[in-house]
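Please read this note alongside the sequence and the model displayed below.

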Amino acid sequence: MLTQVDHVVKVSKNNFVRPKVESSFVQIEPRAPRPPIDLEEFDRFLKICFLRKNKTLKANLKNSALPSRISGSPDFENTTPDKVFERALRGADLGGTRAANSDIDDFLALMLEFRKMNIYF
């Protein structure tokens, strides 16, 4: 989130004396500019997205406390939580995507779509 990690080179276990281990060198660079989000809110959002990592994002959103918050909100009295989730997922271009197959930019885009609808985590 705050850094970019790149794999540089793999070091074979044959390059070591005991114990024989596989190693890698990685390069870690800070992301610039830092994403303008509240990290605690983003953490709560990711916990919802990864309730079950192999389920779709929509299924995870439906199985969280979010549908009851949406149903009880006067901002969404003419729509269902399913339609709100579909609109956010479509806006982030993540229709049938699973959390395990998404990257950090996908989650940031989805969170932005929810923020456009005044849904915070």
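This is a predicted model: local features need pLDDT of at least 70, side-chain atom pairs count only at pLDDT 80 or more; totals for chains, interfaces and linings use all residues.

1. Helix α4 spans residues 81–91, and its buried residues are P81, V84, F85, A88 and L89. They share the same side of α4, because the arc they cover around the axis is only 125°. In general, residues three or four places apart in an α-helix point the same way, since each turn takes 3.6 residues.

2. The other side of α4 carries K83 and R90, which are exposed. The cover over the buried residues of α4 includes α2 (57–62), α3 (66–71) and α5 (104–116). Just after α4, a positive phi of about 60° is found at D93.

3. There are 6 aromatic pairs in the structure. One of them joins F45 and F121: the ring centres lie 4.8 Å apart and the planes stand at 55°, so this pair is tilted. The pair links distant parts of the chain, as F45 belongs to helix α1 (residues 39–49) and F121 to the segment after α5, 76 residues apart. F45 counts as buried because its relative accessibility is 0%; F121 is likewise buried, at 11%, since the limit is under 20%.

4. F85 of the buried side of α4 also forms an aromatic pair with F114, edge-to-face, with 6.3 Å centre to centre and 75° between the planes. Here helix α4 is linked to helix α5, the two residues being 29 residues apart. Both F85 and F114 are buried.

5. The two pairs described above belong to one aromatic cluster, formed by F42, F45, F85, F114 and F121.

Methods
Residues are numbered from 1 along each chain as its sequence is written. Side-chain values use heavy atoms; hydrogens and water are left out. Buried means under 20% relative accessible area, exposed over 50%, partly exposed in between (1.4 Å probe, protein chains only). Helices (H or I, at least four residues) and strands (E, at least two) are DSSP runs, numbered from the N terminus. The arc is that of the directions from the helix axis to the C-beta atoms. Contact means heavy atoms within 4.5 Å. Rings of Phe, Tyr and Trp (its six-membered ring) pair if their centres lie within 6.5 Å; planes under 30 degrees apart count as stacked, over 60 as edge-to-face and the rest as tilted.
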